[in-house]
Structure formats: structure tokens, C-alpha cells
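Dear colleague,

I am handing over the structure below, and would be grateful if you could look it over with the notes that follow it.

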Amino acid sequence: MPKSTRRQVLLAAAPVVAAAPLAKLALARATEAAPRPAHAGMAMDATKHAAMIGREVPAPGRRGDLAALLYPPKSLRHKPGRVREYTLAAIDRQIEVAKGVFFSAWTYNGTVPGPVIRATEDDLLRVNFTNAGSHPHTIHFHGIHPANMDGVFEVVEPGASFTYEFPARPYGMHLYHCHSTPLKKHIAKGLYGAFIIDPPTPRPPAQELVMVLTGFDTDGDGANNFYGVNGPAFYYAKHPIRVRRSQTVRIYLANLTEFDLLNSLHLHGDFFRYYPTGSSNHFEYTDTVMLCQGQRGIIEIDFAHSGRFMFHAHQSEFTELGWMGFFEVID
Ligand code: CU
Ligand code: CU
């Protein structure tokens, strides 16, 4: 199908779901393609802007619904011999990825992304995995571990279980995902999540957030129709993330979108330190980072100003299909 597929889906979806804001958005997008006088364009942009920023933002879910995915468990000091134990189950589940648009997902514990897994370097990580879904799955962790803990050859059939156990290494921002074949499908369906390993000496206190970049191919044509952070489209545009100006904001960021070669994060109104993979003190001072699938890092923002600041993919098409949000920076 030609590149117009995603727009057609939006247009097609709008009447079906009868979601007025989405219809408005689709209308705005459809009008974009038509030639128009320069000044009329300004008016159209203003309308679209209003539709995406006000109360009408077409995001599913209520404030706080994604809190468990946004706010990671607390970091712990290094302690020899400690065990960090998690229980994950693969579950087939319909999730609402845009207002009124449902996606037949394969999930870890019912959400896309799955739960945040966190350990301190040298903790013994134990993940009890049960496949309660309808297809064979695994959990493949990024990081250092023995070959038989890699989640590639030990395929877990529906109804079966497997325990992954290894010392968490090296410190940084990592990820986990299913590695069953076809791999593309198991990731696109939603089997992935953030995996944080803290350094032995914890990072300085900060307002910590996790952002996993998601994409959803709702019509099964091999291209994403919606994008988001920690799941649904436009969620953090409807529910801005409140942070204090006085303390560093630390974001554990990972890109898990399938099909698109690249994704990105761009922050308005400020610069940040970006630590690739979070595995050293090396950082870049920038306002935009680019990530291929599996690429991740840690962002640290010291907001200079209070107010409402946008963050979004710098692929504009992704932004308009849901990958946008706001920080509400308070004094
Ligand atoms: Cu799988
Ligand atoms: Cu991977």
C-alpha cells in the first residue's frame, strides 16, 4: 500500500469509533494534502492545534492509569547477595491504543509496555515467567548473562513456565522483549518493557520517569497507525507530566517501535544531558535524540523555566499520530 495508508486508516477509523476528536484530527490531516492559500493554512493549523492540546485531546484512559509504567520502582543501594524477584505472565489482551481504537495485543502482565524491571548491579535477578498467552513466547533481556538465560532457544509454550536467573550487569538503561519467531510480530504485538540496572553507587536523587516508545499497527499492514509513550496515543498530551523545576528530571528512555527504522525524542524550551545506554558518565548536551529499535539511554533535564513544555518525536508524522506530550513544570 502507498504511504497514504496511515491517513486512510485514521479516516476509516473515525466513523467506526464515532470519536469526535479523532474525526476532527483525521479531517485536519486529510485537509493537509489539499492545496490551499497560505493564510488559510494558518487557520487550519490553529484548529488542529486546539484539537490536540485542549480537553479534547483524543487519548484513552484517565489520569494515573499509566503511573506504574511512568514511575519506576525506587533504586536500591548495592548489597551483596540480594535477590530481586519479578513475576511476568504473557497474556493476550485487547488494549485501547487511541480513543476508541482497540488493538489485539500480546502483553506482559496485561500492559504494553510490560512492567518496569529494576535491579542494582550484582543483584541476582530472578524473573518467573508463565506463558498464559496463545503463542510460544520468551523473555530476552539485554545485558550480560549466560547463554541459557538469553530467551532465544528456550521457547516457552502456552501453559508452560520458565525462570530466568542471573546477576544484573552492567548498570544502565536496558530493555527486555520476547524473542520468539517471527520476532517482528512478537515485538509489534507488544511484548517488551524497560529494564533498569542501577550502578552500585546510586545516581543522585531525581524525579525519575520511564518512557518506552510504542507503535501500534492496528490494521495489520506492517506499518504503525498510532504512536505513543508507554502505550496509548496522546496520553501525556491529555495528562501532562507534573515535575518540579528545582530538581533534575531523569528519564529512562527506550525505543521499541517496530516497522519504522528510527524514532526520536525532542524536548521544547530546554536542553538535557543524554547518556547513551546509561552505562557511563559520557553524555551529549542536546534537545533531540534519535533511537533505532532497541536503542536506549538516560536523559537528565534541569528545567530553567516553569510552564508547559512539549516533548514529542521529531518525526512529525509520529507526533500527529500520538507521540506527543507535555511537561507541566512547577516552581
Ligand atoms: Cu512472543
Ligand atoms: Cu533486543
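A question to begin with: which residue of strand 12 is the bridge partner of L213? The answer is N255, and I return to its surroundings below.

First, the conventions. This is a predicted model, in which local features need a pLDDT of at least 70 and side-chain atom pairs count only at pLDDT 80 or more, while totals for chains, interfaces and linings use all residues. Residues are numbered from 1 along each chain as its sequence is written, chains are lettered from A and ligands numbered from 1 in the order in which they are written, and side-chain values use heavy atoms, with hydrogens and water left out.

The mean pLDDT (the predictor's confidence in each residue, from 0 to 100) of the protein chain is 88, with 83% of its residues reaching 70 or more. Over residues 11–47, however, the pLDDT is below 50, although this stretch has 39 contacts (heavy atoms within 4.5 Å) in the model beyond near neighbours in sequence. Where pLDDT is low, the predicted coordinates should not be read in detail.

H137 lies in the loop between strand 4 (124–131) and strand 5 (140–141), whereas H186 lies in helix 5 (residues 183–188), so the pair ties together parts that are 49 residues apart in sequence. Helices (H or I, at least four residues) and strands (E, at least two) are DSSP runs, numbered from the N terminus. H137 is buried, with a relative accessible area of 1%, and H186 also counts as buried, at 3% (buried means under 20% relative accessible area, exposed over 50%, partly exposed in between, with a 1.4 Å probe and protein chains only).

H177 is buried, with a relative accessible area of 7%.

To return to strand 12 (residues 249–255), seven of its seven residues are buried, so the strand is largely enclosed by the rest of the structure. V249, I251, L253 and N255 point one way from it, and R250, Y252 and A254 the other way. Strand 12 is joined to strand 9 (residues 207–216) by seven bridges, the two running parallel, and to strand 17 (residues 296–301) by six bridges, those two running antiparallel; A254 stands opposite R296 in strand 17. M211 touches, among others, I251, Y252, L253 and A254.

Finally, four strands form an open sheet of mixed pairing in the order 2-1-4-6, where two strands pair if DSSP finds at least two bridges between them. Strand 1 (residues 83–98) and strand 4 pair in the parallel sense over eight bridges, with Y86 standing opposite V127 in strand 4.

With best wishes

Definitions and conventions. Lists of a residue's contacts leave out its neighbours within four places in sequence.
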